[in-house]
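Please read the following with the sequence and the model side by side.

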Amino acid sequence: MPLCPQITITPITVTSTGMSQTSIVPIVAASTEEIDELQVEIDAVEVSVNGKNHIYRQTTAPDGTVYPLTEGDVWFDTDDGNKQYYWTGTAWVSVQDTGIAAAQAASAAAVAAAAAAAAAATAAQTTADGKNKIYRQTTMPTAGPFSEGDLWFDTDDDNKFYRYTSGAFSAFSLGNNAIADLSATKLTAGTIDASVITVSNINAGNISTGFLAAARIQAASLDASVLVAGTITAVQITAGTITGAKIAAGTIVASNIAVATITATQIAGATITAAEIAGSTITAAEISAGSITVDRLSAGTLTAFTLQTSTGARRVTVSASTNSISFREASTTVGHIGPASISGVVMHYGSTFNPAATTYPQTYVSSGSAQIAYSSGIYCEVSSTGVVLNGDVYTLDQFYNQDPVTSANAANTRMDTDGRTRRSTASSQRYKENVVGLRTVAHLDPNKLLTLPVRAFSYKTDYLDAADDRAGLLMPGFIAEEVAEIYPIAADKDKGLIESWNDRMIVPSMLALIQDLHGRVVTLEGKP
């Protein structure tokens with residue numbers, strides 16, 4: 001046997017379950033002593049790994065089929081409130097806290113005490129239920145239980161009372177013997193029905209308070225001959241009792257009406273019309289402030305007027321003279337809204353309304369467009385032709401031109417603050433389907449790019465601004481038409497014409513080619 005024999009060793013994989021051999025790898029120039037030392041180290045590792053304790057969380061007791069059971073292993077029974085066990089070397093033994101059992105015993109004692117309290121409460125309720133009850137309410141009691149002799153005072157019927165007998169509440173009253181000693185001195189309030197009183201000597205002298213109602217006065221028995229002048233005033237007349245039918249025509253003239261005695265409450269709605277008012281007899285002095293409100297005005301009766309929400313420093317005014325609405329803040333008119341003389345509606349800042357729409361800033365809306373303008377040269381206009389921005393646009397981190405075939409910014413043209421314009425397509429798995437390997441799709445074979453010419457060129461002077469750093473210089477790149485012929489998916493079009501090549505289509509294919517080359521290098525050199 002040579003000193004350095006050709007031998008083979010089976011590689012050993014160490015895992016939490018032990019060791020396993022997976023393949024045969026040739027090892028050259030290893031001595032027998034070295035092999036023996038290696039085997040000793042491997043045996044030590046296996047013993048160390050197999051000696052570790054395990055923790056199990058499952059519904060059934062572990063049986064050692066997955067991992068060998070070792071003394072001290074722990075099992076949580078997930079079907080029994082995570083009850084804990086440990087392996088003694090021969091069996092699984094519960095290690096449940098004894099405090100739990102004590103708590104369970106205390107809980108059982110509390111339940112028993114609660115049951116005893118409930119029984120005592122039931123007994124007390126039974127005793128209470130045997131007493132008579134008195135109800136004071138507007139409706140007959142129905143809840144029960146009721147006992148013979150329970151009383152109900154109907155508070156909606158002057159406390160008429162009822163007694164519960166033979167299963168129902170029945171009305172009853174006190175007999176004569178119960179009120180035999182009732183006298184007038186014992187009556188302090190209320191009324192006594194006249195039908196139960198025998199009257200023999202009531203005359204006017206016996207009436208000391210109160211009044212006779214109209215029903216007690218014979219109709220037509222009172223006339224002017226029995227009325228003393230000045231004895232009947234407004235306080236003696238019930239509201240609404242004297243109507244036009246009771247007053248003879250022409251009997252009441254201005255001299256009979258005291259100043260300020262007739263107010264709105266004395267005038268029935270619509271009873272006074274223009275025919276009843278003498279010309280020029282009502283002036284501003286006769287109208288109380290605030291007594292004429294909008295509901296008193298017929299539609300179209302106000303012209304050439306001015307309305308304002310208040311007289312204070314902050315108000316809104318509708319002006320007939322300017323045909324506009326103005327807004328006043330801190331005693332200064334700050335803006336107006338009104339019809340534009342050139343058609344449409346204009347809203348602008350300023351102290352005086354300008355229907356010509358030449359006061360700025362302003363918002364102007366017509367049948368053809370809508371415009372927000374800071375000045376005549378800085379504005380944003382929306383019309384049937386689109387959106388026009390005139391002036392500089394600031395503070396935009398990115399400007400998006402939305403692709404109409406998408407519903408979000410997943411595919412669009414984006415202009416960055418550095419002046420670059422690019423087309424962006426989202427790469428998240430959320431927006432994709434039919435995901436396969438690139439080389440499984442024939443027309444996307446990246447090897448086609450190997451035939452794509454790489455050109456050098458300069459841009460025409462009417463395309464690239466002369467101030468550009470690369471103006472007139474040769475630069476590397478592709479010709480979009482050549483890209484369309486060789487790798488069509490990477491050619492972008494604008495209105496049917498080939499415009500550019502898409503780096504997001506080229507780069508993945510180039511990476512596939514680089515991966516191929518990398519694989520070949522690893523194979524040839526034998527290292528990554």
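Is N502 buried or exposed? At 12% relative accessibility, N502 counts as buried, where buried means under 20% relative accessible area, exposed over 50% and partly exposed in between, with a 1.4 Å probe and protein chains only. This is a predicted model, in which local features need pLDDT of at least 70 and side-chain atom pairs count only at pLDDT 80 or more, while totals for chains, interfaces and linings use all residues. Residues are numbered from 1 along each chain as its sequence is written, and side-chain values use heavy atoms, with hydrogens and water left out.

N502 lies in the loop between strand 28 (497–501) and helix 4; helices (H or I, at least four residues) and strands (E, at least two) are DSSP runs, numbered from the N terminus. Leaving aside neighbours within four places in sequence, N502 is in contact (heavy atoms within 4.5 Å) with A490 and D492. N502 also caps the N-terminal end of helix 4, with a side-chain oxygen 2.8 Å from the backbone nitrogen of R504.

Helix 4 has 23 residues and should span 33 Å, the expected span being 1.5 Å times one less than the number of residues. Its end C-alpha atoms are 32 Å apart, which agrees. After helix 4 comes G526, whose phi is positive, near 70°.

Within helix 4, I506, S509, A512 and L513 are buried. An α-helix has 3.6 residues a turn, so residues three or four places apart point the same way. The buried residues of helix 4 pack against strand 28.

I506 and L513 also belong to the largest nonpolar core, which has eleven residues, including L444, F478 and Y487. Such a core is a set of buried Ala, Val, Leu, Ile, Met, Phe, Trp, Tyr and Cys residues joined through side-chain atoms within 4.5 Å. Helix 3 (480–486) and helix 4 (503–525) each supply at least two residues of the largest core. Leaving aside neighbours within four places in sequence, L513 is in contact with R439, P446, N447, L449 and L450.

Elsewhere, the rings deserve a look. The structure holds 15 aromatic pairs: rings of Phe, Tyr and Trp (its six-membered ring) pair if their centres lie within 6.5 Å, and planes under 30 degrees apart count as stacked, over 60 as edge-to-face and the rest as tilted. W75 and Y85 form a stacked pair, 4.7 Å centre to centre with 20° between the planes. W75 is in strand 6 (residues 74–77) and Y85 in strand 7 (residues 83–87).

Key. A polar contact is a pair of N or O atoms within 3.5 Å; within protein, one must be able to donate a hydrogen and the other to accept it, and residues adjacent in sequence count only if both atoms are side-chain atoms.
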